[in-house]
Structures are given as structure tokens and as C-alpha cells.
Amino acid sequence: MVDDSTLFHIAERFGTPTYVYDLEAIRRQIVTLRGVLPDADLRYAVKANPCGTVLRAVAGAGVGAEVITAGELERALRAGTPPERLLLGGPGQDRDLITRAVEIDIGLVSLDSASQWELWRDRPIRSTRFLVRVNPGLDPRTHDHLATGAASSKFGLPRAEATELAADVAKVGLLAGFHVHAGSQVSSLDVYDEIFALLIDLYAGFSDLALLNIGGGFTVPCFPFSGFAERVVAFAERFGLRIVIEPGRSLVAEAGVLLTRVIHIKEGERRHLIADAGMADLLRPALYGASHPIRLLGGGRGEPRAQDLDGPLCENADRLGQDVLLPVVDRGDLLVVGEVGAYGYAMASNYASNLRPAEVVVDGPSIALARRREKPEDLWRLEGG
Ligand SMILES: *Cc1c(COP(=O)(O)O)cnc(C)c1O
């Protein structure tokens with residue numbers, strides 16, 4: 001990871017709050033994942049971190065991309081991902097997005113509904129092959145907002161409907177296989193056992209399928225990759241399938257930190273550190289109750305005590321950490337919020353006219369600004385009057 005003196009230097013040079021990504025850490029994660037599943041086809045879930053420099057590094061390592069919007073599709077292409085390494089998913093594929101995907105002859109499409117297939121079926125399809133997304137109807141044992149594999153979620157089709165749609169697509173020779181994404185931050189292998197039990201029935205009903213897309217959603221930190229790999233490889237071998245995975249968080253989360261400066265300290269019932277970063281810069285604590293490791297840059301003095309790290313906005317939810325054990329912190333000190341390389345800047349907003357932070361990329365000895373901090377004029381740049 002980027003050392004403390006480099007982080008001090010970055011805060012000095014680019015100001016705070018600032019996201020810092022370590023490209024070497026991302027490349028190491030790619031190597032680790034390839035070690036776990038050597039034959040798998042990796043498609044990075046762009047929504048986790050769409051920063052251009054990050055996307056170029058991922059594409060440069062030969063990893064494809066999973067995209068769900070026109071914006072993500074264009075970003076991935078711009079970063080150098082070849083169209084055949086793109087996978088278009090999501091429940092919202094509309095005519096325009098499909099037209100563009102046909103135009104670039106996109107490699108893979110995950111169909112989320114029969115209604116989507118209606119928009120695809122009469123297009124002049126060249127190399128594109130299709131996956132049918134199955135809703136496994138399970139309890140993925142994760143936060144409600146992340147439980148995309150639950151029966152009540154809008155994603156994918158229940159078994160009977162998935163089989164029917166797959167048969168339709170197979171009839172015209174374009175079916176590659178099925179797609180399941182259990183949800184995000186899934187850590188239980190039991191979830192995958194349930195999924196494979198369902199997939200056996202589905203795959204047994206078709207011959208000559210080429211792919212299994214088992215999604216992403218691997219917990220950070222500590223996903224049980226070896227147990228996962230054992231199960232997915234055994235399944236793939238049984239049906240002669242190539243495995244596709246769509247890791248987002250697990251490739252980039254640990255490669256990113258958010259540097260924030262303490263601007264005020266308030267003592268009361270609790271000790272509040274008011275920082276220059278809050279929910280508009282990092283939404284995960286407010287939205288998911290996520291807990292991120294937080295430390296004082298450069299280490300510290302004194303007994304650690306519980307303190308709250310609060311943001312600058314007028315919202316109770318504007319908090320990055322509660323009861324964080326930190327040593328003595330003074331006004332002006334720098335804090336490092338860890339594991340924010342995924343769904344960090346990606347979910348940052350202009351709420352309360354917040355100026356979104358800078359993004360800085362460290363690649364070995366090189367330090368570069370990937371995206372500058374927003375200025376007030378960026379806020380009204382798109383307004384007509
Ligand atoms: C969000 C998403 C992913 C990536 O999830 P992570 O938790 O970031 O790994 C993969 N596939 C689909 C379909 C997704 O919606």
C-alpha cells in the first residue's frame with residue numbers, strides 16, 4: 001500500500017479530501033484472482049470504480065468489463081477494453097443502449113427479462129452471445145440493499161421463466177449460458193451451494209452451453225476464494241463450461257483510501273471529529289451502515305479512545321465512523337479511511353453542493369492526478385441560465 005510519507009505529500013500537494021488509488025495493488029488483486037481461477041474470464045464491474053486511469057490499468061491487465069449503462073459502456077471502450085471483452089448486463093437495457101451495443105458488436109449480453117430479449121432478437125447480431133440471468137431466490141446473508149439474489153429483488157428471472165427465455169434464445173443459436181449474481185459482500189459458501197443446486201437443473205436442460213457467469217460480489221476483506229473456486233470449477237467441468245466472473249469490489253476496494261483532514265473537534269457526550277469529508281464524498285457508512293477502517297496518518301500519541309468521525313454537512317447520517325478507536329487527534333490532523341477503492345468516489349455526489357474530491361493515482365514511484373477536485377463553477381456548468 002502507499003506509505004504514509006507519500007500520503008502526507010499527496011495531501012499537501014492536492015489538498016483534502018482526496019481519494020488515492022494504488023494501481024499496483026489493483027494489479028496484484030488481478031493476479032491473485034487469476035491464481036484462484038486460472039481459466040476464468042474476468043470482467044471488471046465498472047460501477048465499483050469508473051475512474052479512467054483505473055479502467056485503463058484494468059484493461060491493460062487484459063481484464064474485460066461488465067457494464068450496465070451507456071456511460072459505463074463508453075468509459076470502458078475509451079479505456080481500451082475491446083468490445084468482445086465487454087459484457088452488458090443490468091435490468092435497464094433500452095433501445096439506444098442496445099443500438100450502440102449492436103454497433104460495436106459487443107461480446108456478451110446478460111438478459112434480465114424476456115422483454116429485453118424482444119428488443120434484441122430482431123437486431124443484426126454478429127458475434128454477440130447471450131446469458132440469461134437467473135434469480136436464485138435465496139437469502140444471501142448480506143445487507144438488504146445488496147441482496148440482489150433474493151427472490152423479492154428485481155434482478156433476473158425465476159427458474160421456470162429463465163428456462164423459457166433460454167430456450168427462446170437457444171432456438172436462434174445465440175445462448176451461451178446462464179448468469180447468477182448472488183449479491184454484493186456475500187461471504188457464505190452455503191449461498192453458492194444453493195446456487196449450484198439450482199444451476200444443475202438449468203444446465204442439464206440444455207446442451208452445448210459454453211459459459212457460466214457466476215457474477216461478482218466477493219466480500220472484502222476475506223472472501224473464501226479457495227472453497228468458492230473448488231465449487232465453481234467442479235461445476236464448470238461437469239458441464240464443459242468456461243467460467244466468467246464479474247468482480248468489482250474485490251479488485252479495487254483495498255487499493256483505495258480517502259484522505260481527510262480534521263477541521264474541528266467538539267467534546268460533549270461524545271467526542272466528534274468534524275472532518276472535511278462526509279457522506280457526500282463517501283456514502284457507504286450512511287447508506288449501508290458500512291464500517292471502514294480509519295486511522296490517524298503517521299501514527300499517534302496517547303491511549304486510543306472512541307471518537308466519532310463526522311462530516312461537514314447538516315445531516316445526522318453525515319458520519320464516516322462511529323466509536324472509532326483513535327489516539328489523540330488534533331485539529332488539522334490527517335485521517336486515512338481505508339477500503340474505499342470501490343463504491344467510494346463512484347457514489348460521491350454534489351449533495352449540499354459538495355465539491356467532489358480529487359482522485360490521485362499512485363503507480364510505483366509515480367503520483368498523478370487522475371481527476372481534479374471540483375470547483376464551484378463545475379456545479380452550474382450544465383445549467384442553462
Ligand atoms: C455490482 C455487480 C457486480 C460487482 O459486485 P461487487 O460486489 O463489486 O463485486 C457484478 N455483477 C453484477 C451483475 C453486479 O450488479
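Reply: The largest cavity holds about 40 Å³ of space. On a 1 Å grid over the protein atoms alone, a cavity is a set of points where a 1.4 Å probe fits but cannot get out. Grid points are joined across faces, edges and corners, and a volume is the space filled by probe spheres set on the points. The count comes to 1 cavity of 30 Å³ or more.

This is a predicted model, in which local features need pLDDT of at least 70 and side-chain atom pairs count only at pLDDT 80 or more, while totals for chains, interfaces and linings use all residues. Residues are numbered from 1 along each chain as its sequence is written, and side-chain values use heavy atoms, with hydrogens and water left out.

The lining of the largest cavity consists of Tyr44, Val46, Leu55, Val58, Ala59, Val63, Gly64, Ala65, Ala76 and Thr81; lining residues are those with an atom within 4 Å of a point. Two or more of these residues come from each of helix H3 (52-60) and strand S3 (64-67). Helices (H or I, at least four residues) and strands (E, at least two) are DSSP runs, numbered from the N terminus. H3 gives the most to this lining, with 3 residues. By class, the lining of the largest cavity has 8 nonpolar residues, 2 polar and no charged. Here Ala, Val, Leu, Ile, Met, Phe, Trp, Tyr, Cys and Pro count as nonpolar, Asp, Glu, Lys and Arg as charged, and the others, Gly among them, as polar.

The open spaces come next. A pocket is an open set with protein on both sides within 12 Å along at least five of seven lines. The second largest pocket has a volume of about 330 Å³. The lining of the second largest pocket divides into 5 nonpolar, 2 polar and 8 charged residues.

The largest pocket has a volume of about 560 Å³. Its lining comprises 30 residues, and Lys47, Thr148, His181, Ser184 and Tyr343 lie nearest its centre. Helix H11 (284-288) is one of the elements that supply at least two residues of this lining, and H11 gives the most, with 3 residues. The lining of the largest pocket divides into 12 nonpolar, 11 polar and 7 charged residues.
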